[in-house]
Amino acid sequence: MTIVTTICLAGLALAGALCLLRLVRGDSLADRIVALEALLLVSVSGIAVNAVRTGATAFLDALVVTALIGFISQVTVARFIEKRGAR
């Protein structure tokens with residue numbers, strides 16, 4: 001189990017690094033927002049893998065809160081872009 005979770009965490013770290021690269025070098029606002037949302041999804045996945053690895057249920061509360069914050073921020077940004085117009 002430890003080897004599998006280590007491989008998962010390494011893959012998530014790579015995905016997070018690529019999301020950060022896209023966030024910094026994104027061409028448009030929409031690209032950066034998608035990168036930010038993907039980075040949040042990678043973070044939620046990392047919390048889930050860490051909860052499985054340690055067996056601690058305290059991480060699940062953080063997982064739910066992070067997912068809710070991500071959802072609310074995604075809706076807020078989508079409404080902002082809709083009102084601003086796609087540029």
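This is a predicted model: local features need pLDDT of at least 70, side-chain atom pairs count only at pLDDT 80 or more; totals for chains, interfaces and linings use all residues.
Colleague: How many residues does helix 2 have, and how far does it reach?

Modeller: Helix 2 has 26 residues. From the first C-alpha to the last it reaches 37 Å. That is close to the 38 Å expected at 1.5 Å a residue.

Colleague: Which residues of helix 2 are buried?

Modeller: They are Ile33, Ala35, Glu37, Leu39, Val42, Val44, Gly46, Val49 and Ala51.

Colleague: And what do those buried residues pack against?

Modeller: Two partners: helix 1, residues 2-25, and helix 3, residues 58-84.

Colleague: Back to Glu37. Where is it found?

Modeller: Glu37 sits in helix 2, which covers residues 29-54.

Colleague: Which side chain of opposite charge is nearest to Glu37, and how far away is it?

Modeller: Arg79, and it is 14 Å away. Glu37 is buried but has no salt bridge.

Colleague: How many salt bridges does the structure hold?

Modeller: One. Asp31 pairs with Arg22, and their closest N and O atoms are 3.1 Å apart.

Colleague: Are those two buried, exposed or partly exposed? Start with Asp31.

Modeller: Asp31 is partly exposed, because its relative accessible area is 25%. Arg22 also counts as partly exposed, at 37% relative accessibility.

Colleague: Switching to helix 1. Which of its residues are buried?

Modeller: Thr5, Leu12, Gly16 and Cys19 are buried in helix 1. The buried residues of helix 1 pack against helix 2.

Colleague: How far apart are the end C-alpha atoms of helix 1?

Modeller: They are 34 Å apart. Its 24 residues should span 34 Å at 1.5 Å a residue, so the two values agree.

Colleague: What about Arg25, buried or exposed?

Modeller: Arg25 lies in helix 1. Its relative accessible area is 61%, so Arg25 is exposed.

Colleague: How far is the C-alpha of Arg25 from that of Ile69?

Modeller: The two C-alpha atoms are separated by 24 Å. Along the chain, Arg25 and Ile69 are 44 residues apart.

Colleague: Zoom out for me. How many helices and strands are there in the protein?

Modeller: Three helices and zero strands. Along the sequence the pattern reads α-α-α.

Colleague: Why call it more spread out than a compact globule?

Modeller: Because the radius of gyration is 15 Å, well over the 12 Å that the globule rule gives for 87 residues. Along the principal axes, the C-alpha atoms fill a box of roughly 45 × 25 × 10 Å.

Colleague: What share of the residues count as buried?

Modeller: Of the 87 residues, 20% count as buried.

Colleague: Last one, on contacts. What percentage come from residues 24 or more positions apart?

Modeller: They account for 52% of the contacts with a separation of 6 or more.

Notes: Residues are numbered from 1 along each chain as its sequence is written. Side-chain values use heavy atoms; hydrogens and water are left out. Helices (H or I, at least four residues) and strands (E, at least two) are DSSP runs, numbered from the N terminus. Buried means under 20% relative accessible area, exposed over 50%, partly exposed in between (1.4 Å probe, protein chains only). Lys and Arg count as positive and Asp and Glu as negative; His and the chain ends are not counted. A salt bridge is a side-chain nitrogen of Lys or Arg within 4 Å of a carboxyl oxygen of Asp or Glu. The expected span of a helix is 1.5 Å times one less than its number of residues. Contact means heavy atoms within 4.5 Å. The radius of gyration is taken over C-alpha atoms; the globule rule is 2.2 Å times the number of residues to the power 0.38.
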